[in-house]
Amino acid sequence: MPFPAGDTLLILPELFLTAAASFVLLWATFVSRPRERGLAFFSIGALAATGLLLFVSARMAGTLPRSAFGGMFAMDRFGLYFKGILLLVGIVTILFSLRFISVSPYPGGEYYGLILFSTVGMLFMASGTHLASIVVALELMALSQYVLAGYFKRETKSLEASAKYFVLGAFSSGVLIYGISLVYGAAGTLSLAGIATAFTTAKPPAFLVIGIIFVGCGMFFKIASAPFHVWAPDVYEGAPTPISAFFAVGPKLAAYAIFARIFFVGFGPRAGDWSAIIAASAALTMVVGNVGALMQTNVKRLLGYSSIGHAGYALLGLLAYGDASGIGLWSILVYLLAYAFMNLGAFGLVILLESKGYAGESVDDFNGLAAKNPWLAAAMLVFLLSLAGIPPTAGFVGKYFLFSAAMKAGWFWLSLLAVLMSAVSLFYYFRIARAMYLVEGEGTLHWREEPAVSAAIALCAAGTLAMGILPGPFVQFARTCLLPFGP
Amino acid sequence: MNPSMASYLPILYFAIMAAIIPVAGLAAMSLLRPSKPTPTKLAPYECGVASPTEAFDHRFSVRYYLIAVLFVVFDVETIFLFPWAVMYHRLKLFGLVEMLVFLAILVVGYVYAWRRGALSWA
């Protein structure tokens with residue numbers, strides 16, 4: 001059954017990026033090591049062009065939302081919002097990687113190709129409206145990432161990260177797909193809209209709850225929320241640092257996109273079944289992430305635990321599903337944008353400091369940074385303030401709306417716990433700030449100035465501050481990108 | 001029976017047949033064949049590797065996996081080509097274009113593996 005040609009137009013950006021990724025992979029086999037920079041710039045250009053194509057095809061699609069390929073794929077503002085951020089994350093990751101890869105003993109061609117393929121998977125995730133297309137897109141993203149985690153294949157830590165990520169990722173995909181099979185058994189369809197309709201018109205069988213729990217567990221793994229978070233610090237520590245930055249932001253955002261879509265659209269009518277599970281995971285995640293980060297001396301691990309904590313905060317938004325203003329969803333959207341800026345920026349600093357081997361990963365390596373390079377220290381301070389949720393930064397705006405969404409939904413104790421845990425997080429974020437400003441540096445660390453990384457950090461700092469000082473336009477924009485709740 | 005469940009009957013039939021054929025084959029063979037066991041004959045066999053019980057303490061070339069993965073790629077290709085060929089008269093031009101896109105993607109992987117030397121057994 002041929003699909004209308006208009007359907008192909010809707011996935012044109014994704015098709016273009018797939019072709020570009022294949023091209024990078026083939027080009028990589030013809031190019032010599034010193035000329036690999038060309039591949040990186042081509043990849044950045046491809047990501048930017050995909051962004052442009054998104055804009056063009058959204059314009060040509062007319063009134064959104066538009067559904068394509070028999071309900072497999074939807075072009076709507078919710079998906080476009082995520083895709084814009086994801087493309088930006090891809091570009092920043094490649095900027096971070098330029099020097100990192102060229103001084104490493106590993107070839108860069110496949111590296112950039114895999115980042116592009118992974119981004120294709122994430123773009124399809126943001127638009128998936130059918131559990132089958134969501135799972136395929138998720139696997140495309142995840143398989144590329146297992147390889148990227150182990151890209152420094154002669155370093156034990158990198159291999160360990162890859163193996164852990166792969167084994168646990170495959171297991172969680174199994175749990176997710178098993179859950180999906182139960183949901184299919186109950187609803188008789190895999191389309192999210194169809195699932196919602198099936199659950200409103202008829203009383204679903206009891207095993208549906210088990211299916212929803214299993215799907216939820218799969219999601220909890222992908223966003224690294226407790227009790228499925230154990231892999232995150234190890235993977236972030238072992239993976240090449242630009243890839244850790246990518247992992248901490250890209251897949252998490254894409255996973256939140258499918259999480260929100262599956263639970264709001266598909267399981268919307270059964271919200272009573274899942275809200276308690278999400279509340280329990282949110283509470284546990286906030287405690288485990290923030291308390292775990294207290295004991296870390298490696299900055300990559302620390303950011304890993306902190307990103308677990310942040311996944312917990314964002315879950316609060318899902319709990320506010322019922323609010324008619326849609327605050328539950330748009331507070332997540334605002335928060336994830338803030339999260340992307342501040343987390344990428346913080347990882348960027350680690351990349352700049354990381355000169356040789358694992359030097360630059362310890363909190364002590366930040367000692368005296370303010371005296372050596374006040375601009376970098378100031379940028380890091382902005383990211384740390386934002387991660388801790390202190391105004392005037394993006395992190396404050398994000399947390400403010402999330403916590404008030406949870407309050408509006410009646411989860412007082414959870415909002416209280418979230419505020420308490422934010423206070424705990426001050427302690428470990430300020431350990432880095434203290435090292436930069438108050439401790440004398442030994443002067444052992446010599447980083448090479450890298451304009452690409454500095455530019456990416458400046459972009460992230462600008463975004464963090466802009467969202468913090470002028471949140472209005474960002475919030476207004478996010479409010480236009482909502483999903484329908486329930487059928 | 002519920003009509004939606006009835007549509008799964010062929011799968012049940014398939015599962016039953018899949019169980020009967022090997023069991024019947026093994027049973028028939030054990031009745032017909034002469035029985036002269038030697039230690040080599042009784043050792044478990046896995047293609048390529050000496051034996052699964054010994055594989056864990058022996059080194060073997062990692063290329064074995066590379067070839068296995070390439071084999072899977074073309075195996076899957078064939079699995080998709082057969083139903084496509086059978087239904088070609090109904091899929092027409094649309095099916096042809098879809099299959100060409102699918103093959104083009106596989107060719108990218110093939111050329112990549114070739115260029116990276118996966119096919120030269122050094």
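In which helix of chain A is Ser244(A) found? I looked this up in a predicted model, and Ser244(A) belongs to helix 11, which spans residues 241-266 of chain A.

**Entry on Ser244(A).** I then listed its contacts, setting aside neighbours within four places in sequence: Tyr236(A), Ala239(A), Lys300(A) and Phe347(A).

**Entry on aromatic pairs.** I noted 37 aromatic pairs over all chains. I examined one of them, Phe73(A) with Phe124(A), which is edge-to-face, with 5.8 Å centre to centre and 75 degrees between the planes. Phe73(A) lies in strand 2 (residues 73-75) of chain A and Phe124(A) in helix 5 (residues 109-127) of chain A, so this pair ties together parts that are 51 residues apart in sequence. I recorded Phe73(A) as buried, with a relative accessible area of 4%, and Phe124(A) as partly exposed, at 23% relative accessibility. I also found one aromatic cluster whose members include Phe220(A), Tyr256(A), Phe263(A), Phe267(A) and Trp274(A).

**Entry on the nonpolar cores.** Which residues touch the most other members of the largest nonpolar core? I found that they are Phe247(A), Phe263(A), Phe267(A) and Phe366(A), in a core of 179 residues. Helix 14 (residues 327-353) of chain A gives the most to this core, with 22 residues. Another core lies apart from it and has 7 residues, among them Leu10(A), Ile11(A), Ala58(A) and Phe73(A). I then turned to Phe263(A): beyond its neighbours within four places in sequence, Phe263(A) is in contact with Ile212(A), Val215(A), Gly216(A), Met219(A), Gly268(A), Trp274(A) and Ile278(A).

**Entry on the interface.** How many residues does the contact take from chain A and from chain B? I noted 11 residues from chain A and 8 residues from chain B. Between them the two chains bury about 930 Å², with 66% of that on carbon and sulfur atoms. Leu26(A), Thr29(A) and Glu110(A) supply 46% of the area that chain A buries against chain B, more than any other three residues.

I then looked for salt bridges across the interface of chain A and chain B, and the rule finds 1. Glu110(A) forms a salt bridge with Arg116(B), and their closest N and O atoms are 2.6 Å apart. Finally, I recorded that the charged end of Arg115(B) sits over the ring of Phe30(A), 3.8 Å from the ring centre.

Methods: Residues are numbered from 1 along each chain as its sequence is written. Chains are lettered from A and ligands numbered from 1 in the order in which they are written. This is a predicted model: local features need pLDDT of at least 70, side-chain atom pairs count only at pLDDT 80 or more; totals for chains, interfaces and linings use all residues. Side-chain values use heavy atoms; hydrogens and water are left out. Helices (H or I, at least four residues) and strands (E, at least two) are DSSP runs, numbered from the N terminus. Contact means heavy atoms within 4.5 Å. Rings of Phe, Tyr and Trp (its six-membered ring) pair if their centres lie within 6.5 Å; planes under 30 degrees apart count as stacked, over 60 as edge-to-face and the rest as tilted. Buried means under 20% relative accessible area, exposed over 50%, partly exposed in between (1.4 Å probe, protein chains only). A charge sits over a ring if NZ of Lys or CZ of Arg is within 6 Å of the ring centre and within 35 degrees of the ring normal. A nonpolar core is a set of buried Ala, Val, Leu, Ile, Met, Phe, Trp, Tyr and Cys residues joined through side-chain atoms within 4.5 Å. Buried area is the accessible area (1.4 Å probe) that two parts lose on being put together, summed over both. A salt bridge is a side-chain nitrogen of Lys or Arg within 4 Å of a carboxyl oxygen of Asp or Glu.
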